[in-house]
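Please take a look at the model below. A short tour of its main features comes after it.

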Number of protein chains: 2
Amino acid sequence: MSIPIQQIAAAVDADRLWTRHMTMAKFGALPGDGVCRQAFTAEDISARRQLLAWAKQHGYAAAADAIGNLFVRRPGVDPALAPVLTGSHMDSQPRGGRFDGIYGVLAGLEALNALDTAAAETQRSIELVAWTNEEGGRYEPGSMGSMVFSGALELSECLALRDADGVLLEDALAAALASTPGIESRAFNFPIAAYLEAHIEQGPRLEAENLSIGAVTGIQGTRWFTITVRGDTGHAGTVPLAVRRDALQGAVAMVQALNELTTDVDDIVKFTVGRFDVEPNAPNSIADRVVFTVDLRHPDASILMRLGDAIPERCREAAPRCDLEIIETATNLPCEFDPAVVAAVEDVARELGLGCMRMPSGAFHDAQHINALCPTGMIFVPCRNGVSHSPAEYADPKSLAAGTKVLAAALYRLAS
Amino acid sequence: MSIPIQQIAAAVDADRLWTRHMTMAKFGALPGDGVCRQAFTAEDISARRQLLAWAKQHGYAAAADAIGNLFVRRPGVDPALAPVLTGSHMDSQPRGGRFDGIYGVLAGLEALNALDTAAAETQRSIELVAWTNEEGGRYEPGSMGSMVFSGALELSECLALRDADGVLLEDALAAALASTPGIESRAFNFPIAAYLEAHIEQGPRLEAENLSIGAVTGIQGTRWFTITVRGDTGHAGTVPLAVRRDALQGAVAMVQALNELTTDVDDIVKFTVGRFDVEPNAPNSIADRVVFTVDLRHPDASILMRLGDAIPERCREAAPRCDLEIIETATNLPCEFDPAVVAAVEDVARELGLGCMRMPSGAFHDAQHINALCPTGMIFVPCRNGVSHSPAEYADPKSLAAGTKVLAAALYRLAS
């Protein structure tokens, strides 16, 4: 028996949702509302255990796959049917905020709870997923959990990665898995009927338009590169500049050359150098090694490919004296979400009386990889000043609840 | 009764000198002959204890002052006379070599031993000094020990410094002082008759000319700056470039502007950015803070002052959107050594049959600060390819011994 989605929306408990956010924000709390909860750290493990504790309170069974993605199941009438999935990630940037990622997980959990409260039965099971290591700050690439799940990345490649302190991902992952004992083991890439992910917008548009809901139409493409520049160290006071192979000066010239390559009067190309590590990194030693990252994004696949492909030559030309190694650590082509899922979000928002617009996503999300497996969509909610990846990131309780109402109602329809 | 300096030179034990270098190189050893022995670390403390153990073996009394400079005394006939000082520093760059600094200390110790072996009495006492924190990689400024000793820097200012891990210099210094208990406490700036410091050249000239000894005429000036660039962080995929305040891009533009400022067709200006720290330093977060260092050197004081004074404005112009804080952490004006000490080094080298040239120093040294207190000079020995501040730094046993012979003989003359 079908029930009105208004009844489901009314069952969303905004206070519980907010309180859970504040509880999770304690795991890795930084001064000024920041959060540092990188994949497989003690803070991430605390969040994993907390999520499973809440699942247990509500009687939901939990499972984990071999890359540490967590699944929490609200059974449907016919458990043999492929489930509908919802979720996001619980890891954060090294100096991130309290909402990016974790919102999609807690909104998903609250949606399950609201369906319980409303006594809303679904034919399909609904599963909440917390994808492993979406941010990629500790181990690249980001979206690791959803990529391994979808088959876009091999588990074995990930296991061999080391973080900046030399810790092997295999060991860090084993510790995370061991911290949630006694739950079911899950295979990768099991059949899914649909996937719907809630997330803060991470941009200024919904706030500017005073709208509650973004029905996300797709995600711009991303290419990540790690560029290692090698030169020779030496004494800052004695080595003539004419004979130096200064890795820092080489890297600076490369960044300038890539700024030129990616210049775009329409401001659509997004080019960012976010990480820049120098060795030996002492005031009076010439640098002999710099490792920096490039984050390049564009909604048009052909432009994204052309610009990214030009990076190695531009870097070589900019600093011909230095040695260069360029590794592409992630390639996410632009994607378009399933029109039926986008429409479902839009319809539900309208029926609930919430202002909604269609919009693309500037950030990448796990949904990008699940889109290859099943009909997929996303729900955005506004965040203050469009700020994310920062302790200043903020979304108000009402906005978080509005997105969760749409999520719960849309999941109900997708699973019925 | 005076003895021939050939007899003193013959008493220098090249094997003992080399073995002591290799012993010291174990404290902070890095792969490939590198050394990381920064001020007040466990490795530095091991070196301090080793030096005092050798001093004790030879019956020399030891002392320390309040910044941790160590003094080892070979008494003269008239202990009331101001002593002649020799020495250098035992700390290294974070990825330094086995000879920079430590050579001047071990050459000084070997000179005392050679004078003992040759039964050479001196009127004045000769004191070996190991200056604290010459490199400045952990706590800026470098030459800290000799600057505090000479009065160019206040002890209280140093005590309040913190290293990158937040460790207070006061605490690190207290641990170093506690590690050498039971030695005399020494005042700063006690009367000194003369100061002579042996060091590897850290440049290519002696090797190119096939000469054993550099009689150092003076030291070019140095100005150090620490430049903090602040912007706003945000998501690499969503924040339009037009509104970004990207601290990394700001710092890159500043480095380019300073490259232009310091361009010198004669290659006399030395401009180096050696340290560059980014926050949050994640691939897809726009940087909101970069701290980088400038090391600027020139032998002409007026040019050094003009270029250094232009740095703040050039930086502001290069990145007007970012906030900027510039601190000058060290100012060492060019100095000229005492002609009599320079001549003494040259004379001794000639009398011992060792090829010698007069030359300025490109690197700064503790001698620069002691030059303000008493007649001062330095002895350079060649190092392979002019390389220093690198694990590849190398000086052969014969070169090290030749410099020590000149040092021992010159100290004998200066103290007689």
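The report starts with the basis of the model and then moves from domains to chains, helices and backbone details.

## What you are looking at

This is a predicted model, in which local features need pLDDT of at least 70 and side-chain atom pairs count only at pLDDT 80 or more, while totals for chains, interfaces and linings use all residues. Residues are numbered from 1 along each chain as its sequence is written, and chains are lettered from A and ligands numbered from 1 in the order in which they are written.

On confidence, chain A has a mean pLDDT of 96, and 100% of its residues reach 70 or more; pLDDT is the predictor's confidence in each residue, from 0 to 100. The model has an ipTM of 0.77 and a pTM of 0.77.

## Two domains in chain A

Chain A is assigned a domain 1, made of 5–219 + 334–415, and a domain 2, made of 221–332. Such bounds come from an automatic or database domain assignment. Taken over C-alpha atoms, the centres of domain 1 of chain A and domain 2 of chain A are 33 Å apart.

Where they meet, domain 1 of chain A contributes 7 residues and domain 2 of chain A contributes 11 residues; residues are in contact if their C-beta atoms, placed from the backbone, lie within 7 Å. The side of domain 1 of chain A that touches domain 2 of chain A holds 4 nonpolar, 2 polar and 1 charged residues. In this scheme Ala, Val, Leu, Ile, Met, Phe, Trp, Tyr, Cys and Pro count as nonpolar, Asp, Glu, Lys and Arg as charged, and the others, Gly among them, as polar.

## How the chains meet

Between the chains, 52 residues of chain B are in contact with 52 residues of chain A. On the side of chain B that touches chain A, at least two residues each come from β10 (221–230), α9 (247–261), β11 (270–272), β12 (276–279) and β13 (289–298) of chain B. These elements are DSSP runs numbered from the N terminus, with helices being H or I of at least four residues and strands being E of at least two.

Which element gives the largest share of the side of chain B that touches chain A? That is α9(B), with 4 residues. By class, this side of chain B has 20 nonpolar, 24 polar and 8 charged residues.

In chain A, helix α2 (residues 14–25) packs against helix α4 (residues 102–117) at an angle of about 140 degrees, with axes 10 Å apart. Axes here are lines fitted to C-alpha atoms, for helices over the stretch in contact, and angles run from 0 to 180 degrees between N-to-C directions. The angle makes α2(A) oblique to α4(A); angles under 35 degrees count as roughly parallel, over 145 as roughly antiparallel, 65 to 115 as roughly perpendicular and the rest as oblique. R16(A), L17(A), R20(A), H21(A) and M24(A) of α2(A) make the contact with I102(A), L106(A) and E110(A) of α4(A). That contact has 4 nonpolar, 1 polar and 3 charged residues.

α2(A) also packs against helix α13 (residues 397–415) of chain A, at an angle of about 110 degrees and with the axes 9 Å apart. That makes α2(A) roughly perpendicular to α13(A). A14(A), L17(A) and W18(A) of α2(A) meet P397(A), K398(A), L400(A), A401(A) and T404(A) of α13(A), a contact with 6 nonpolar, 1 polar and 1 charged residues. In chain B, the axes of helix α2 (residues 14–25) and helix α4 (residues 102–117) come within 10 Å and cross at roughly 140 degrees, and α2(B) and α4(B) are therefore oblique to each other.

## Backbone details

Two cis peptide bonds are worth a look. One runs from E140(A) to P141(A), with omega near 0 degrees, and P141(A) sits in the loop between β6 (126–131) and α5 (144–150) of chain A. Another joins E279(B) and P280(B), with omega about -5 degrees; P280(B) lies in the loop between β12 and β13 of chain B.

Finally, A119(A) has a positive phi of about 50 degrees although it is not a glycine. You will find A119(A) in the loop between α4 and β6 of chain A.

Terms used. Contact = placed C-beta atoms within 7 Å.
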